[in-house]
Amino acid sequence: MKIGKTLGLISTAAGLLGGAMSSYAATRLVGGAGVSGAAIAIGGALGAAVSALATLTVGVFIDKRLNTLKRALLDPETASALNPSGAPTILRQLVAAIAESHAALSRETEQALSRLREMEIRRRIAESQREQIETILNGLRDAVLVTDPFKELIMANEPAARLFGFELEACVHKPIGDALNDEALSRLIEQAHDSATPSDRRHVEYLMPGQSTTPDSPGRPAAHYDITIASLPGQTSGSVGGLVTILRDVTREKEISQMKTDFVSQVSHELRTPLSSINAYVEMLVDGEAKDEASRNEFYQIIKNEADRLGRLIDNMLNISRIEAGIVKVERSEVDFVKIVRDAVEVMQPQAMLKNITLIAKTGPMVYTAQADRDMILQVVLNLVSNAVKYTPENGRVTVSVENDDATRSVLVSVADTGLGIPPDDVEKVFEKFYRIDNYKRVAKGTGLGLNLARHIVETVHKGQVGVSSKVGMGSRFWFTIPFEHEGRAAA
Ligand code: ADP
């Protein structure tokens, strides 16, 4: 642009120069003659012709030099080598001025280019730092939102985009309230902005309401969040450059902590019941309330039963927590399930006989084996058979059978009874810790832990399945499967 402008000026200057020279030549001719009017006229005409010729000659000459100058200026290599001393006298000053202005222009261009290069390097560094930060943020499980002092979202990670269902790119520079679709949380962040100090860091517990599924969004369940809102440093010292909000989902931790509290209160309750009973009978014995031998024996028997129940409770609780904590010692071997079923039936036969219950093992001549911990599997079969006997009225029938389930490549054990059955609402709950059907509590004593332990042994330790189908008044069929090969061995 500047060079073009300079060339325009040069052309104008050349035009003026040409005109001046022709009038100078004419004046000289006219002034020098001093003759008659005709002569003057001829002389004038001649002078004008000479003047025109001179103007033309000088004009062509200047034009040529200017064209050379123009070409030289347009080529950066020759432009830098412009030498005023080589130019005709008439153009020397002009070329000198152009050369100087060109040199200044070149210097300025060079400085601008170097500034541009520096800015480009800075831009690339900033870009790569931003990419690094984004990679780090996306690697986190917590949702992260970064807002500027105008409360606009300037950065967020993928967990945040998933949580709030927004497109990362589309949300940048949107007001936080528009981006989040969560009024309470947006207000929380906005208020934090209003009162933020440079070293601010606050923790807030937040229950995010659930959202039902719509055709556009998959919805989400209500969840507990531990939110940290911290100030980011601003450009000047003491100023706040924005806020970073980190949302950590603590729903599971809350549930576990609630479960622990419930478990402790349930355990204390369950332990207290047999303990109080033992205490009461011991006190009666001490006070001499059992007058004869028969009463004393009856009290001793009750105390023994309660102590046994206490022992079972503690054993079951320890076994369950060991499995849950993953510290249980599993001793796997090729287990003969027919033998286990027969052993369990033999152990339970006396109790079945007390109620005149027919307890049979339907095993057949085949051998059914799987990789399992023998003692644990025996414990599962004993728990199921013991329940079947407990919750089956007198003269009922309990059948234990073993077969192969080819579909799941497992051994399938079933314990079917003709007992009370389980109401549909309770079917899902009987495997929960300490769950006991209210109406059956008078039917038999129990801990409410037998089925939960069975489920842990089958599903957690052996990766099998456990289930029940039942009809009230008709009986129940509890079953479990154990894969032929345990995972580690199958993979080897
Ligand atoms: P419990 O020691 O009370 O038997 P379990 O965990 O073994 O504890 O069983 C939980 C509850 O499931 C029992 O209290 C009972 O209410 C119900 N239940 C278990 N087995 C049967 C069954 N065969 N028939 C009917 N109800 C059963």
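Which strands form the open sheet of five strands with mixed pairing, and in what order do they stand? The order is β7-β9-β10-β12-β11, and the views below, taken from a predicted model, include this sheet together with other parts of the protein.

In this predicted model, local features need pLDDT of at least 70 and side-chain atom pairs count only at pLDDT 80 or more, while totals for chains, interfaces and linings use all residues. Residues are numbered from 1 along each chain as its sequence is written, and side-chain values use heavy atoms, with hydrogens and water left out.

**View 1. The whole protein.** The secondary structure comes to 15 helices and 12 strands, where helices (H or I, at least four residues) and strands (E, at least two) are DSSP runs numbered from the N terminus. Of the 492 residues, 34% count as buried; buried means under 20% relative accessible area, exposed means over 50%, and partly exposed lies in between, with a 1.4 Å probe and protein chains only. The accessible surface comes to about 29500 Å², of which 56% belongs to carbon and sulfur atoms, and such areas come from the Shrake-Rupley method with a 1.4 Å probe, where for residues only the protein chains shown count as cover. Among contacts (heavy atoms within 4.5 Å) between residues at least 6 apart in sequence, 60% join residues at least 24 apart.

**View 2. The open sheet with mixed pairing.** In the sheet β7-β9-β10-β12-β11, the edge strands are β7 and β11 (465–471), each of which pairs on one side only; two strands pair if DSSP finds at least two bridges between them. The twist averages 15 degrees from one strand to the next. Strand β7 (residues 358–362) runs parallel to strand β9 (residues 397–405) over five bridges, and within this pair A361 stands opposite V400. Strand β9 also pairs with strand β10 (residues 410–417), here in the antiparallel sense and over eight bridges, with V398 opposite D417. These two strands, β9 and β10, form a hairpin with four residues between them, and R409 in the turn has a positive phi of about 50 degrees. Strands β11 and β12 (residues 475–483) run antiparallel and are joined by seven bridges, with S470 standing opposite S476 in β12.

**View 3. Helices on the sheet.** Helix α11 (residues 337–354) packs on the sheet, touching β7, β9, β10 and β12, and its direction makes about 175 degrees with that of β7; axes are lines fitted to C-alpha atoms, for helices over the stretch in contact, and angles run from 0 to 180 degrees between N-to-C directions. Helix α12 (residues 374–390) lies across β7, β9, β10 and β12, running at about 175 degrees to β12. In the loop between α11 and β7 is N356, a residue other than glycine whose phi is positive, near 55 degrees.

View 4. A polar side-chain atom of K390 lies 3.2 Å from an oxygen atom of the ligand. An oxygen atom of the ligand is 3.0 Å from a polar backbone atom of I437, and a backbone N or O atom of G450 lies 3.2 Å from an oxygen atom of the ligand. Taken alone, the ligand exposes 530 Å², and the protein buries 98% of that.

**View 5. The open antiparallel sheet.** Another open sheet of five strands has the order β2-β1-β5-β4-β3, with antiparallel pairing. Strands β2 (153–156) and β3 stand at the edges with a single partner strand each, so one side of each is left without a neighbour in the sheet. The twist averages 20 degrees from one strand to the next. Strand β1 (residues 143–147) and strand β5 (residues 240–249) pair in the antiparallel sense over five bridges, and V146 has V244 in β5 as its bridge partner.

**View 6. The residue D200 and its contacts.** D200 is in the loop between α8 (183–194) and β3 (201–208), and D200 is buried, with a relative accessible area of 19%. The side chain of D200 makes a polar contact with the side chain of R202 (2.5 Å); a polar contact is a pair of N or O atoms within 3.5 Å, and within protein one must be able to donate a hydrogen and the other to accept it, while residues adjacent in sequence count only if both atoms are side-chain atoms. Leaving aside neighbours within four places in sequence, D200 is in contact with S195, I229, A230 and S231.
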